[in-house]
Amino acid sequence: AIAPTDSGIKRSKLPNGVTVVTRDVGGPNTAFGYYAESGAKFDPATAPGLSYVLRWAIQTSNMDNSLFQLDRTMRSHGFSYGHGEIRKRFLSWKSEGRRDMFDKPFQTFATC
């Protein structure tokens with residue numbers, strides 16, 4: 001039998017109930033993402049398309065920044081970002097960039 005190996009994946013739960021999954025592969029790049037179980041599958045019959053609106057609303061601005069400011073922060077630190085829907089069940093937001101410059105983009109992304 002093959003012994004299981006540690007893939008570096010760690011799972012923890014924050015006090016507010018959010019599950020955080022991390023994996024450190026030690027490379028020069030980093031990626032972080034947020035996934036919410038609120039895709040189209042969960043849209044109420046009286047409001048079809050609600051998850052689509054939610055996805056765009058969260059990605060395009062917040063109380064502190066407009067879309068332009070979010071985009072400028074991400075790009076000035078060498079990050080790419082995007083959003084999507086997975087199997088009509090999850091909404092996702094993901095960003096990738098240089099490991100040594102992730103602090104500001106992460107803070108910007110986390111406040112969306």
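Start by selecting helix 2 (residues 67-76), where the buried residues are L70, T73 and M74; buried stands for under 20% relative accessible area, exposed for over 50% and partly exposed for in between, with a 1.4 Å probe and protein chains only. Helices are DSSP runs of H or I with at least four residues, strands are runs of E with at least two, and both are numbered from the N terminus. The model is predicted, so local features need pLDDT of at least 70 and side-chain atom pairs count only at pLDDT 80 or more, while totals for chains, interfaces and linings use all residues. Residues are numbered from 1 along each chain as its sequence is written, and side-chain values use heavy atoms, leaving out hydrogens and water.

Turn to the other side of helix 2, where F68, R75 and S76 are exposed, and then select G78, which follows helix 2 and has a positive phi near 75 degrees.

Next, select helix 1 (residues 50-60), which holds V53, a residue that counts as exposed because its relative accessibility is 51%. The buried residues of helix 1 are S51, R55 and Q59; seen down the axis, they fall within an arc of 60 degrees and so line one face of the helix.

Finally, select strand 4 (residues 80-86) and strand 5 (residues 90-98), which run antiparallel and are joined by seven bridges, pairing being assigned if DSSP finds at least two bridges between two strands. I86 stands opposite F90 in strand 5, and in this hairpin, with three residues between the strands, R87 takes a positive phi near 50 degrees.

Key: The arc is that of the directions from the helix axis to the C-beta atoms.
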